[in-house]
Amino acid sequence: MATSLPRDVSRLGELSALLFDLDGVLTPTAEVHMRAWSRLFNDWFAAHDLAPYTDDDYFEYVDGRPRYDGVRAMLAARGVVLPEGADDDGPDVETVRGLGNRKNSVFAAELAENGVQPYPGSVEFLDRAIALGVQVAVVSSSRNAVPVLEAAGLRDRFDVVVDGAVAAAEGIAGKPAPDTYLEGARRLGLTAADCVVVEDATSGVEAGRAGSFGLVLGVDRGTGRDALLRSGADVVVDDLQEAVVALGPARASSTTDTTSTDTTSTHTAEAQP
Ligand SMILES: [Mg+2]
């Protein structure tokens, strides 16, 4: 039985849908976050006669921490202690949470003004899949998924977006629980076994493994191939361009004529609204 064989990238040609994580898979969103933090702290430090914010500060105090923790740690490094404040403090309130919320506003401004360029290999992979009738969805923990997709020019590719706002509104557990990916499959009318999870983070790979998806495709943007494999990825690539060929022999062609030769795909893309 095929189920007893190792699952490899060739399975991409057999499955009905791709469920994409967003940040780090389709878009280098971390760059936008870095620019937003820089803008936030440079402005605030200048206004308070503090030493300028640097990239080293980002990696030392901000990177990888929850937003408010990053603000608190960064301020402490400049000898500043602000009141903690409340989650609903406005962006102009001088508290840890107010500044954290201001970072969200700055992120939105940064996106609107400078946009974000999606990974070219990801766009090639995505567009080839769509052209072949593979269904696609975005499953992201971010509450900014829709503005990021819009800024990247990818919003119209996706009818189904399960993001942090959807998860919060509907009480769906976040990654590494499989629930948001399962919701993505459900909204496409498919089961987990029909779908590929495409992820760059170990937590997302764990979600794909926990949900018994048809394939878990890891994208190594720095997390490391071994870490992704250990977390449950079936296959790891450095860039999704490497996986285009695996969409199937007929799918690897560089021709744009995809209308008549693919007789294996039973799911066609929904018409865009
Ligand atoms: Mg990611």
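Two strands count as paired if DSSP finds at least two bridges between them, and helices (H or I, at least four residues) and strands (E, at least two) are simply DSSP runs, numbered from the N terminus. Everything here comes from a predicted model, in which local features need pLDDT of at least 70, side-chain atom pairs count only at pLDDT 80 or more, and totals for chains, interfaces and linings use all residues. Residues are numbered from 1 along each chain as its sequence is written.

Stepping back, the protein chain has ten helices and six strands. Of its 273 residues, 42% are buried; a residue is called buried if 20 or more other C-beta atoms lie within 10 Å of its own, exposed if 12 or fewer, and partly exposed in between, with C-beta atoms placed from the backbone. Contacts are pairs of residues whose C-beta atoms, again placed from the backbone, lie within 7 Å. Among contacts in the protein chain between residues at least 6 apart in sequence, 59% join residues at least 24 apart.

The six strands form an open sheet with parallel pairing, in the order β3-β2-β1-β4-β5-β6. Its edge strands are β3 (160-162) and β6, each of which pairs on one side only. From one strand to the next the twist averages 25 degrees (axes are lines fitted to C-alpha atoms, for helices over the stretch in contact, and angles run from 0 to 180 degrees between N-to-C directions).

Strand β4 (residues 195-199) pairs with β5 in the parallel sense over four bridges, with Gly218 in β5 as the bridge partner of Glu199. Together, β4, α9 and β5 make a right-handed β-α-β unit; right-handed means that, with the strands pointing away from the viewer, the path from the first strand over the helix to the second runs clockwise. The chain then crosses from β5 through helix α10 (residues 225-231) to β6, and this β-α-β crossover is right-handed too. β5 and β6 pair in the parallel sense over three bridges.

Back to Val237, which is found in strand β6 (residues 235-237). Val237 is buried because 20 other C-beta atoms lie within 10 Å. Leaving out residues up to four places away in sequence, Val237 touches Val219, Glu242 and Ala243. Val237 and Arg225 are twelve residues apart in sequence, with 7.9 Å between their C-alpha atoms.

Asp49, in the loop between α1 (29-47) and α2 (55-62), has a positive phi near 55 degrees without being a glycine. Asp49 is exposed, since 6 other C-beta atoms lie within 10 Å. Ser212, not a glycine either, has a positive phi of about 55 degrees and is found in the loop between α9 (202-210) and β5 (215-219). Ser212 counts as exposed because 12 other C-beta atoms lie within 10 Å. Finally, Lys175 and Pro176 are joined by a cis peptide bond, with omega about 15 degrees, and Pro176 lies in the loop between α7 (164-170) and α8 (179-187).

Note on methods. Contact = placed C-beta atoms within 7 Å.
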